[in-house]
Amino acid sequence: MNYDQILCKRVADVPPSGIRKFFDIVSEMQDVISLSVGEPDFHTPWAYTDAAIYSLRHGHTHYTSNWGLMELRRQIARYEAERFGVEYNPANEILVTVGASEGIDLAMRAIIEPGDEVIVPDPSYVSYMPCISFAGGTCVTVPTCQEDGFKLRPEALQAAITPKTKALILPYPNNPTGAVMRKEDLEAIARVLEGTNILVISDEIYAELTYGDQPHVSFASIPGMWERTVTLNGFSKAFAMTGWRMGYACGPRILMAVMCKIHQYTMLCAPISGQYAALEGLKVGFENGFADVRRMVDAYDRRRRMMVEGLRAAGLKCHEPMGAFYVFPSIRETGLTSQKFCERLLMEKQVAVVPGDAFGSLGEGHIRCSCAASNQNIAEAVKRIGEFVRSL
């Protein structure tokens, strides 16, 4: 068999995830402090897990609607309305997905024709470019920089738009930079998009993880933007449910119907036990003011401040992240590439972080450190990073 003639070239040419490369190395080593994987170190609150177990014991082991449990969709609609001020019809404007990552893939496949361009801020989450490529589109990156707080600037967006532009991915709060877009930032982006036919795919999986006195603003809540926006969110990060793979997509019914069509022919539906766990998470949240979420966010807030202070003390320039649970310091002054810095740090000091170029070419010269680790491990990790930097 000649697999060069069989495999899809646009899929074969996409490199493996730079995050998983280091994760796989770490899994083979002993006594490593890992700040590499973007996964909460909190366990799923027991009430959510208990609801899933209860559903299994009572025979809820069958398919749900392709759209997901109606009761869950109603609670998601309430959540989006009460937390972010955006109204969606649970009958045909909310789709329960297998993690927010499936929502990215569905949105790409629902809109992209060969040759279409999708604009993505650089650096950003590793999955956007591959999903665009898999769907036959072209990824157009727009630079963001530490001096601007890694925000997407309207003039940079305007310069990237061409007649082939089909969509913009708006990934804020951002992985890996921790950047956020405030209301006035989003309004400036909205002014650029007015009068165009460009769709916005707003990845808001870290919506609950913002710090300071300004909460997250959903792009769909900006006047005139609802009809051009697909909002992606889920339960992995703020609800500590990564392994449950529970996400959702919200948007105009015409687009959601096409996304659901792809979903029904591939995934069919999200796992039913996970849907019951997510439903319980929302119910409990509405009853106690989302106390579980606030407890975890408060912990991440303390950890991010500890990490920023420690990395700065180690001699690294470090933007203060106001969202997500990552810190993205510059390592340019060490003279090492991101890859070489991470390899040597792992081998010499047994600390695992992710090279910035895993998130786009403009991530080069940075590393991503996850705050989803204990205070003790963060303190020890930044101590070792400081020792490593001083040894160079």
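Modeller: The largest cavity is lined by Leu170, Tyr172, Met181, Leu186, Ser202, Glu204, His216, Val217 and Phe219. This is a predicted model, in which local features need pLDDT of at least 70 and side-chain atom pairs count only at pLDDT 80 or more, while totals for chains, interfaces and linings use all residues. Residues are numbered from 1 along each chain as its sequence is written, and side-chain values use heavy atoms, with hydrogens and water left out.

Biologist: What makes a space a cavity, and what puts a residue in its lining?

Modeller: On a 1 Å grid over the protein atoms alone, a cavity is a set of points where a 1.4 Å probe fits but cannot get out, and a lining residue has an atom within 4 Å of a point. Three cavities of 30 Å³ or more are counted here. The largest holds about 50 Å³, the volume being the space filled by probe spheres set on points joined across faces, edges and corners.

Biologist: How does the lining of the largest cavity divide?

Modeller: There are six nonpolar residues, two polar and one charged. Ala, Val, Leu, Ile, Met, Phe, Trp, Tyr, Cys and Pro count as nonpolar, Asp, Glu, Lys and Arg as charged, and the others, Gly among them, as polar. The second largest cavity has about 40 Å³ of space. Its lining is Tyr172, Pro173, Val180, Met181, Arg182, Thr210, Pro215, His216 and Val217, and this too divides into six nonpolar, two polar and one charged.

Biologist: Which kind of peptide bond joins Tyr172 and Pro173?

Modeller: A cis one, with omega of about -5°. Pro173 sits in the loop between strand E5 (165-170) and helix H8 (183-193); helices (H or I, at least four residues) and strands (E, at least two) are DSSP runs numbered from the N terminus. Asp122 and Pro123 are also joined by a cis peptide bond, with omega of about 5°. Pro123 belongs to the loop between strand E3 (117-122) and helix H6 (128-134).

Biologist: Why is Thr97 called buried?

Modeller: Its relative accessible area is 0%. Buried means under 20%, exposed over 50% and partly exposed in between, with a 1.4 Å probe and protein chains only, so Thr97 belongs in the buried class. Thr97 is part of strand E2 (residues 94-98).

Biologist: What does the side chain of Thr97 reach at 3.3 Å?

Modeller: The backbone nitrogen of Tyr248. Beyond four places in sequence, Thr97 touches residues including Glu102, Arg245, Tyr248 and His263, contact meaning heavy atoms within 4.5 Å.

Biologist: Is Leu268 buried or partly exposed, and how do you know?

Modeller: Leu268 is partly exposed, because its relative accessible area is 27%. Leu268 has a positive phi of about 75° although it is not a glycine, and its place is the loop between helix H9 (253-266) and helix H10 (272-288). Phe150 has a positive phi as well, near 60°. At 2% relative accessibility, though, Phe150 counts as buried. Its loop runs between strand E4 (138-143) and helix H7 (154-160).

Biologist: What do the buried residues of H13 pack against?

Modeller: Strand E1 (33-34), H11, helix H12 (338-349) and strand E10 (351-352). Among those buried residues are Ile378, Val382, Ile385 and Val389. In general, an α-helix has 3.6 residues a turn, so residues three or four places apart point the same way.

Biologist: What makes Pro40 buried?

Modeller: A relative accessible area of 9% makes Pro40 buried. Pro40 lies in the loop between E1 and helix H3 (46-57), and touches Tyr300, Phe325 and Ala372, among others.

Definitions and conventions:
A polar contact is a pair of N or O atoms within 3.5 Å; within protein, one must be able to donate a hydrogen and the other to accept it, and residues adjacent in sequence count only if both atoms are side-chain atoms. On a 1 Å grid over the protein atoms alone, a cavity is a set of points where a 1.4 Å probe fits but cannot get out, and a pocket is an open set with protein on both sides within 12 Å along at least five of seven lines; lining residues have an atom within 4 Å of a point.
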